[in-house]
Amino acid sequence: RTVYVNGEYLPETEAKVSIFDRGFLMADGVYEVTSVLDGKLIDFDGHAVRLQRSLDELEMQSPISKEDLLEVHRELVRLNGVEEGMIYLQITRGAPDDRDFVFPDPETTAPTIVLFTQNKPGLADNPAAKKGMKVISIEDIRWGRRDIKTVQLLYPSMGKMMAKKAGADDAWMIQDGFVTEGTSNNAYIVKGNKIITRAKSNDILHGITRAAVLRFAEEAQMEVEERNFTIDEAREADEAFITSASTFVMPVVEIDGAKLGDGVPGRVAPRLREIYLDESRKAAI
Ligand code: PMP
């Protein structure tokens, strides 16, 4: 695989980052994951805008312009022959001479930028979407700025392991009695023709897929309600689903061991998945 590190395209075995990199020492970095379908980028613009927001919120400089970033994404897709998959991008505050809590001077310490591709044939035609997924609920003990897409992913990773150990696929996190989001996705429930999802705030990541799906839902005359919901309300909903750049729309059929309805995907989530895939493919660049 060819990867991109600080301006260079290299074989992955030759790519290097300093042990003093603040991404490595302090999780002082941000990331984005953009999906690729038919060799094209899905919602590159949305990801680029959110990346800039994450950088701004952390007073971090961008080492690359949006135009060049698009070029690097396209070049990696081309070099690695990705038809379906993902592009991972990470920018950290770079590697100062020593470990220090104080941010390094951006004049002397440049950010580190890394991109690599992940080939995932069958991403769109994922059999998991036909079966639906199982989630458990866990307490949300992450920090208070989940709207910034940082590489601080230890708790989401632990949540995924808790789910795995419980025989489930993912965990929905609960704060003050209400569902925030999944470990790496936004969470939704469906009641009748109404799609309910938590409103944007510092408590959740503002999903790029979330924005697109809510827009498509409204265009398809579905009702969207942005509000908090409890795990009990979710268990009694007609349907539930998640969204993310790597899973698109994925039905949830079981919550904490209790089946939702018949325990198979309903009407709304599969339809939204289809619309999302169709529209995203059309708009891909
Ligand atoms: N919430 C969290 C915590 C996530 O990690 C992600 C995906 N990285 C999402 C939501 C979904 O965001 P997107 O649709 O932009 O992939």
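**Note on the predicted fold, its cores and its ligand shell**

1. Five bridges join strand 13 to strand 14, and the two run antiparallel. They form a hairpin with three residues between them. Strands here are DSSP runs of E with at least two residues, helices are runs of H or I with at least four, and both are numbered from the N terminus. Two strands count as paired if DSSP finds at least two bridges between them.

2. Some ground rules. The model is predicted: local features need pLDDT of at least 70, side-chain atom pairs count only at pLDDT 80 or more, and totals for chains, interfaces and linings use all residues. Residue numbers run from 1 along each chain as its sequence is written.

3. Now the overall build. The protein chain has eight helices and 15 strands. Its C-alpha trace spans about 55 × 40 × 35 Å along the principal axes. A compact globule of 285 residues would have a radius of gyration near 19 Å, and the protein chain agrees, with 19 Å. That radius is taken over C-alpha atoms, and the globule rule is 2.2 Å times the number of residues to the power 0.38. Among contacts between residues at least 6 apart in sequence, 72% join residues at least 24 apart. A contact means C-beta atoms, placed from the backbone, within 7 Å.

4. Burial comes next. Of the 285 residues, 39% count as buried. Buried means 20 or more other C-beta atoms within 10 Å of the residue's own, exposed means 12 or fewer, and partly exposed lies in between; the C-beta atoms are placed from the backbone. Strand 13 is largely enclosed by the rest of the structure, because six of its six residues are buried. Glu239, Phe241 and Thr243 point one way from this strand, while Ala240, Ile242 and Ser244 point the other way.

5. Strand 13 has another partner. Five bridges join it to strand 10, again antiparallel. Ala187 stands opposite Ile242 of strand 13.

6. The largest nonpolar core has 39 residues; Val135, Tyr188, Phe241 and Val252 are among those with the most contacts inside it. Strand 14 supplies the largest share, six residues. A nonpolar core is a set of buried Ala, Val, Leu, Ile, Met, Phe, Trp, Tyr and Cys residues joined through C-beta atoms within 7 Å. Ile189 touches residues including Ile196, Phe229 and Ala240, leaving aside those up to four places away in sequence. A second, separate core has 19 residues, including Phe44, Leu51, Met60 and Val82.

7. What surrounds the ligand? The shell holds 13 residues, and the closest are Leu205, Gly207, Ile208, Thr209 and Ala245. Helix 6 and strand 13 each give two or more residues. Helix 6 gives the largest share, three. By type, the shell has four nonpolar, seven polar and two charged residues.

8. Eight bridges join strand 5 (residues 85–92) to strand 6 (residues 112–119). Tyr88 has Phe116, in strand 6, as its bridge partner.

Conventions: Two residues are in contact if their C-beta atoms, placed from the backbone, lie within 7 Å. A residue is near a molecule or strand if its C-beta atom, placed from the backbone, lies within 6 Å of it. Ala, Val, Leu, Ile, Met, Phe, Trp, Tyr, Cys and Pro count as nonpolar, Asp, Glu, Lys and Arg as charged, and the others, Gly among them, as polar.
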